[in-house]
Amino acid sequence: MKPVVFVTRRIPESGIDMLRETCEVVVNGEDRVLSKEELIEGVKGKDALLCLLTDKIDAEVMDAGKSLKVIANYAVGFDNIDVEAATSRKIPVTNTPGVLTETTADLAWALLMSAARRIVEGDRFTREGKYKGWSPMLLLGRDVYGKTLGIVGFGRIGEAMARRANGFSMQVIYYDENRRSPEEEERLGVRYVSFPELLAQSDFISVHVPLMEKTYHMFGPAEFAAMKKTAILINTARGPVIDEAALVEALRKGDIAGAGLDVYEDEPLLKPGLADLDNVVLAPHIGSASVETRTKMATMAAQNVLAVLRGEVPPNILNREVFD
Ligand code: DGY
């Protein structure tokens, strides 16, 4: 009998085709997030679960999926999965690191440029027929080149941001729990600073930390007050890293100049007032949404599933200890 894989939502065919070579694949036929009850029903009798960041995979879901041998997340972030609960049940959990690094950094950069140069405001203005000719004071934004970029969380995506910033002759400062070696800092053209120093010195701040207890609301009223009034904040990581209601207030009061967001605290909902502000650019969590990257993510998630089903340690294991 072929092992059965449950895929919680349609993903690029590349991954599904790989799975179909050796498995029976059940894909949620509707292009929407499943409810908790549907998830619980879906995992029953399945050997593998290929899930998305919008699926909350907790102990209850795992207990319903008694025969689950692997949980493969179609995302690099895995705050949607209770990894500890999976580990205690000896279920390997995997993610899709690396393949979305450059694509997500591109999107962060696009948000940064859009917010700095008021591209979205300009687009609206032009479409609405308000453009009556060149004007010396029309939609003045902020320069990007030569400014200071502060990167919070200096993993793969943070590093990719730094590489892009070098092309714009920016000073790049970073804050992370783990400091890079002096050789790496020199190679990447970055300088390590404390978090308060980063807040005070940056013209642009780009957030690239995972969502964990210690990064929850890492940006709140005190942090906005400590930033330059001209600063622009970019978040392509996870929404709850920023206190979104406080951000609305800071943008409204002019504590900071602008923001570019791809992620939100209660996705897909936005905090009241956010969408009314002109000094924020809003994207619908599309950091990794390129054809090439989503295709790679699908094959990567499938490879992780197949490795476990063959009895191997999957390439992107998050809780290796389950194999000890
Ligand atoms: C991730 O992978 O964690 C992104 O947020 C979505 O691709």
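# Close-up views of a predicted model

**View A. Arg89 is partly exposed, with a relative accessible area of 31%.** Partly exposed residues fall between buried (under 20% relative accessible area) and exposed (over 50%), using a 1.4 Å probe and protein chains only. A word on the model: it is predicted, so local features need pLDDT of at least 70 and side-chain atom pairs count only at pLDDT 80 or more, while totals for chains, interfaces and linings use all residues. Numbering starts from 1 along each chain as its sequence is written, and side-chain values use heavy atoms, leaving out hydrogens and water. Asp63, the partner of Arg89, is also partly exposed, at 37%. The two side chains meet in a salt bridge with an N to O distance of 2.7 Å (a side-chain nitrogen of Lys or Arg within 4 Å of a carboxyl oxygen of Asp or Glu). Asp63 belongs to helix 3 (residues 59-64) and Arg89 to the loop between helix 4 (83-88) and strand 5 (93-94), so this pair ties together parts 26 residues apart in sequence. Helices (H or I, at least four residues) and strands (E, at least two) are DSSP runs, numbered from the N terminus.

**View B. Arg238 and Asp79 are joined by a salt bridge.** The closest N and O atoms of Arg238 and Asp79 are 2.9 Å apart. Arg238 is buried, at 13% relative accessibility, whereas Asp79 is partly exposed, at 38%.

**View C. Arg164 and Asp106 form a salt bridge.** Here the closest N and O atoms are 2.8 Å apart. Arg164 sits in helix 7 (residues 156-166) and Asp106 in helix 5 (residues 101-117), so the bridge ties together parts 58 residues apart in sequence. Arg164 counts as buried, with 17% relative accessibility, and Asp106 as partly exposed, with 44%.

**View D. Domain 1 meets domain 2.** Domain 1 covers 4-99 + 291-323 and domain 2 covers 101-282, with bounds from an automatic or database domain assignment. Their C-alpha centres lie 32 Å apart. Eight residues of domain 1 are in contact with five residues of domain 2 (heavy atoms within 4.5 Å). Together the domains bury about 560 Å², 43% of it on carbon and sulfur atoms; buried area is the accessible area (1.4 Å probe) lost on putting two parts together, summed over both. Asp79, Gly98 and Thr293 supply 59% of the area that domain 1 buries against domain 2, more than any other three residues. The rule finds one salt bridge across this interface.

View E. Pro268 is placed in the loop between strand 11 (258-261) and strand 12 (280-282).

**View F. Leu139 has a positive phi in a residue other than glycine.** Its phi is near 50°. Leu139 is in the loop between helix 6 (119-127) and strand 6 (148-152), and is partly exposed at 25% relative accessible area.

**View G. His217 also has a positive phi, near 50°.** Look for His217 in the loop between strand 9 (204-207) and helix 10 (221-226). With a relative accessible area of 26%, His217 is partly exposed.
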